[in-house]
Number of protein chains: 2
Amino acid sequence: MYAQKQISKHLRLIPLGGLGEVGRNMMVLEYQKDVIIIDMGLKMPGEELPGIDYIIPNISYLKGKNVLGIIITHGHYDHIGAIPYFIDKIGVKTPFFTGGLTRGIIIKRQEDFKHLPKLNITTVKDGSKIRLGRFEVEFFHQNHSIADNFGLIIRTPVGNIVHTSDFKFDDNPVNDSPTNFAKLKRIGEQKILLLLSDSTGAEIEGHSLSEKTIMENLEEIFKKSKGRIIAATFGSLINRIQQIITLSEKYGRKVTVNGYSMKTNVEICQNLGHIKANKGTLIQSKNVADYPDSQITVLCTGAQGEEEATLMRIINHEHPFLNLKKGDTMIFSSSVIPGNERSVQMLKDDILRQGAKIFHYKMMDIHAGGHAHQEELKEMIRIMKPKFFMPIHGQYSMQISHIELAQEEGMLEENTIVPENGNIIYLEPNKIFVSKKEKAPAGPVMVDGLGVGDVGEIVLKDRQTLAKDGMFVIIAIVDRQTGKIKTSPDIISRGFVYLRESKELLHQTRKKVVEIISKTVESEGAVNWNHTKEDVRRKIGKFLFTKTKRKPVILPVIIEV
Amino acid sequence: MYAQKQISKHLRLIPLGGLGEVGRNMMVLEYQKDVIIIDMGLKMPGEELPGIDYIIPNISYLKGKNVLGIIITHGHYDHIGAIPYFIDKIGVKTPFFTGGLTRGIIIKRQEDFKHLPKLNITTVKDGSKIRLGRFEVEFFHQNHSIADNFGLIIRTPVGNIVHTSDFKFDDNPVNDSPTNFAKLKRIGEQKILLLLSDSTGAEIEGHSLSEKTIMENLEEIFKKSKGRIIAATFGSLINRIQQIITLSEKYGRKVTVNGYSMKTNVEICQNLGHIKANKGTLIQSKNVADYPDSQITVLCTGAQGEEEATLMRIINHEHPFLNLKKGDTMIFSSSVIPGNERSVQMLKDDILRQGAKIFHYKMMDIHAGGHAHQEELKEMIRIMKPKFFMPIHGQYSMQISHIELAQEEGMLEENTIVPENGNIIYLEPNKIFVSKKEKAPAGPVMVDGLGVGDVGEIVLKDRQTLAKDGMFVIIAIVDRQTGKIKTSPDIISRGFVYLRESKELLHQTRKKVVEIISKTVESEGAVNWNHTKEDVRRKIGKFLFTKTKRKPVILPVIIEV
């Protein structure tokens, strides 16, 4: 397999996801026949994709390729979430390399996909080196909002590549070692040909908040609160969960962890020593009533206003043990994901109406994301002194902002590159460029229930139209011999008008349908029912629009008996 | 009508919209048989209300009431938008009182409702006083983002009420006189029993930006830009439109105004002298090509990423004359309405991909809303020194924040009140309280095409379900005599699976339908087709879920022939 020993002068990078978007990160590196993959993430769909569960990368480019290994930088779903959908296509034996916590989270997730065989995962640590064909990958510790997050030094025949993973610099992190700048500098001295760096925070000025500051602010809330504390955050924000547990112990509170993803993550982390809690601190929600309110902390998911999350049930008084009451203090320790602003506002209003107090990240610094802001990003560029620079992980505007930062640090425009998903990027010792001829398929692949990629433009468009004005099915039975309508047409409609209050409209519509069909039958010799159906669709559509200014999906059915 | 001369000790305030929400502002004041109304606004629906055009207040409380007059504070749609839906219910002769610009905008809007008779609108100015039964209403100038905005002093038999309208304090407004603090102070000296004040900005620290600052920052962009300037803002943000026109004139640019709402507003404002432009400054978009790029400014709507707006067509190269190109400078001079973050991000990315430059309000101060921030709100309370205080216009969290500001200004909690839409508030010289017994209907009334209020829970729920997993209609023809299925059932489906690629699934489903129906017919004497349909719905629903993990709306139709 490694027979050809001649040195090719270029390496190819193919981002299959995560560029021009936040989520579904996936990068392919290819040197001659050797292929390695970094991350396999998913992305949550927006409102414009109704019914879709996730979006994952398109991996048809990898067909027939010799994938030597898959490297997973850390355990967030935008880096691991697509694994179950890809693994049988890439080859179940392909080895994974990742940190211990990430491994735990991946294995737990695989339980939801019982038909899939066991994965082959090797655990790595800060300083681990692995060889995959002509690639050597060395892992280095990077701070983020979850432990066991690794940046990568990828040594290749054309030069050294640094991939930052998601990262931020933090001198005082929680349950994690601080950023080791001395080590980063040593990496920077190894002649970095190309730096791939996280752009998520590239539009935000300054330096990201230290977890220490957040801890101090959270402590202020703990000091003041007399009733229960209900803290909502992401299930994946392990650092914050640890902080809440630590503060609860300090202030004599028991902690109940709620919400499937949070519960699962806490379990995995506890088993691997990434979350520390004294014996007896964590209690079941059913035992909350055994303690006074001042000794209770509720940790839960749902800070985005998700309808099915625990927080919603607590607020709507649908939880068996934890319903919101006056005197509760609510902490929102997470940012609002774009698109969720409205539901978070509703949530806040509902909480306030019930007389609880709210602290959220806009009122005080009780949340930090896991991503470097502008000052840190510039520092990373200064440390790595790369010859070439390529911003990864983020919307196009973030990538552009990141390029501007690189230019502020003295990089020439021609040494930077802003590719998009599916671009094929050639890296040579003295050149980096995007191929103008080749492109890998990189459109979004939609996961909906058991279907992967089967929901396309047409189905989505239908869903959007149905959502807007509903549907209107007309069923007419005609006599095969005479072509005459046998009984008054049946009408089924949903989402258009309230049928019980629209009897007159339905009556008129039925009459019109009979007219349209009768006319075709009279005027034509042999009846083309497809034409008739088209006629019904068009004319009834027009009629309903005149009457209602709505455009339901009209589906005429003509049945000959 | 004014026969009973005895003095009632209370007045009633009934907010029908605008409390606990942003939009559809409407307040009813009632003293004995005399009723006046302040504002009649609409609200734009969120994604959770698919297909809905607007939400308006429920006015069934007003049935049979003696409405003496309708006061409109200013010309924004959240204050005027519901007028066409209410006027024939309240009585076409009921007089309106409002500023000249607002009158122009209302009359222009009425053109879209040709069936409605002409409105009876009296124009008022700063200082105008009108008497409506036992109410005397005096109008006073308030700064906002549109001219002719008036606060109200309402003199009533129980005491004086001040309604701030939407407002901000501005010493250097555009095309408008600065805030007249001396006059406000004189009002405050008149013993204000109750202050109703705008809460929209109550969660934002500090003082709102002056339009002067914005002007200076915009000028910086004009100075630097060598190509065309494309400025997107709200069609209703008349101040900003004026600023862009003024700067364009200063820097030798012609201005083309695009987008229906903006064009209409500019026309109305020009006619009334509220927008000033030199002769020849405004040009048609088709004439843009006659000038070099450095002499062109494009003003347009669509800064929220609305699909049908001009900006989208400019960016997607669907505009006959104005398509985006490298070298263009794009100014977003408007905030992002909650819920639109995603589409605005897409817009920004698309613009950057085409090589244009972007300036938006997060990068520099080139936008201010029309609403007072915390420092101004406190100042208003200090000036008015009201006995009672009630925050209006805003989400519940904003109202609560406003109450906290009032308390910082020394108001006692018992003298403040946070009512909700539909509450009936009793105001007496020494007391304010919400009735515990009475309530006015105040749920959202949805406007969808020609239907007002006919779309309810059921239709909406259907639309949401249809959007998620589509629909699945099963049509089976059975023999009336034998109860046997005559031909293979027809299936129509949209938004569920792509039918052409799901032949096997459809085949199995048909077989299952035949089985289910045959079984009922065999097992029962007289067939209850409703039971059979329910059976088909349930079993096919389950079957499809097992196969796809999706839950389309299943509609079985059984037709006897």
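Two strands count as paired if DSSP finds at least two bridges between them. On that criterion, strand 13 (residues 229-232) and strand 16 (residues 329-332) of chain A are paired, with four bridges in the parallel sense. The model is predicted, and this briefing covers a parallel sheet of chain A, aromatic pairs and lysines placed over rings in chains A and B.

**Parallel sheet of chain A**

- Five strands of chain A make up an open sheet with parallel pairing, in the order 14-15-13-16-17.
- The edges are formed by strand 14 (254-258) and strand 17 (357-360) of chain A, each of which pairs on one side only.
- From one strand to the next, the twist averages 20°.
- Within the pairing of strand 13 and strand 16 of chain A, Ile229(A) has Thr329(A) as its bridge partner in strand 16.
- Strands of a sheet pair through backbone hydrogen bonds, in either a parallel or an antiparallel sense.
- Helix 7 (residues 260-271) of chain A lies across strand 14 and strand 15 (296-300) of chain A, and runs at about 120° to strand 14.

**Aromatic pairs**

- Over all chains, the structure holds 16 aromatic pairs.
- One of them joins Phe139(A) and Phe150(A) in an edge-to-face arrangement, with 6.0 Å from centre to centre and 85° between the planes.
- Phe139(A) belongs to strand 9 (residues 135-141) of chain A and Phe150(A) to strand 10 (residues 150-156) of chain A, so this pair ties together parts that are eleven residues apart in sequence.
- Phe139(A) counts as buried because its relative accessibility is 0%; Phe150(A), at 4%, also counts as buried.
- The pair of Phe222(A) and Tyr251(A) is tilted, because the ring planes stand at 40° with the centres 6.3 Å apart.
- Phe222(A) lies in helix 5 (residues 211-224) of chain A, while Tyr251(A) lies in the loop between helix 6 (238-250) and strand 14 of chain A; the pair therefore ties together parts that are 29 residues apart in sequence.
- Phe222(A) is buried, with a relative accessible area of 2%, whereas Tyr251(A) counts as partly exposed at 27% relative accessibility.
- Tyr54(A), Tyr85(A) and Phe113(A) form one aromatic cluster.

**Lysines over aromatic rings**

- In chain A, Lys551(A) lies over the face of Phe545(A), at 5.2 Å from the ring centre.
- In chain B, Lys551(B) lies over the face of Phe545(B), at 5.2 Å from the ring centre.

How values were computed: Residues numbered from 1 in each chain as written. Chains lettered and ligands numbered in written order. Predicted model: local features only at pLDDT ≥ 70, side-chain atom pairs only at ≥ 80, totals over all residues. Heavy atoms only, no water. Helix = DSSP H or I, 4+ residues; strand = E, 2+ residues; numbered from the N terminus. Axes fitted to C-alpha atoms, helices over the stretch in contact; angles between N-to-C directions. Contact = heavy atoms within 4.5 Å. Phe/Tyr/Trp six-rings, centres within 6.5 Å; stacked < 30°, edge-to-face > 60°. Buried < 20%, exposed > 50% of the residue type's maximum accessible area, 1.4 Å probe, protein only. Lys NZ or Arg CZ within 6 Å of the ring centre and 35° of its normal.
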